[in-house]
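Visitor: Please show me the model, and let us then discuss what can be read from it.

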Amino acid sequence: MLEYLKFHHIGYAVKNIESTARFYIDLGWDMSEIYLDSVQKTYIAFLTREDFPMIELVAPVDEYSPINETLKKMGVTTYHICYEVSNINDSILELRSKRFMPVFMPVEAVAMGGKKICYMMHPQVGLIELVEV
Ligand code: NI
């Protein structure tokens, strides 16, 4: 069973962190510092507001960033939901048995203090992210 998957954040593909964040800051959200993830070639920032889910803004560093594919297909859009797990490799195995396919093997996420993350794709659920906490 998967009840242990705990909601962590909504991932939001954006063209420019500040341009999108301005709207949320006007609504009362706080923004973290902007991190550079040189592996994914993205800028990342987190928006938080009491009693609301956390939002992650993901913007491309340059034209080689993989997030450009999402932006090209869908424009600025939410595109993944991230869940906390205690053992990422165990969760990957369990999710594979439920038709989730890993997009890549776990990597350390700079924007999350080096915690291990991975993405998995399911034909009916779409893209999810796992973060090991
Ligand atoms: Ni994320």
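Visitor: Is Y24 buried or exposed?

Guide: This is a predicted model, in which local features need pLDDT of at least 70, side-chain atom pairs count only at pLDDT 80 or more, and totals for chains, interfaces and linings use all residues. Residues are numbered from 1 along each chain as its sequence is written, and side-chain values use heavy atoms, with hydrogens and water left out. Buried means under 20% relative accessible area, exposed over 50% and partly exposed in between (1.4 Å probe, protein chains only). Y24 has a relative accessible area of 12%, so the residue is buried.

Visitor: How do the rings of W29 and F52 pair?

Guide: Rings of Phe, Tyr and Trp (its six-membered ring) pair if their centres lie within 6.5 Å; planes under 30 degrees apart count as stacked, over 60 as edge-to-face and the rest as tilted. The ring centres of W29 and F52 lie 5.3 Å apart with planes at 55°, so the pair is tilted.

Visitor: Which residues form one aromatic cluster?

Guide: A search of the whole structure finds six aromatic pairs. One of them joins F23 and Y24, edge-to-face because the planes stand at 90° with centres 5.1 Å apart. The cluster consists of Y12, F23, Y24, W29 and F52.

Visitor: Which residues are the protein donors of the nickel ion?

Guide: Donors are N, O and S atoms within 2.8 Å of the metal (3.2 Å for Na, K and Ca); water is not among the atoms, so sites may look incomplete. Here they lie 1.9 to 2.1 Å from the nickel ion and belong to H9 (NE2), E56 (OE), H80 (NE2) and E129 (OE).
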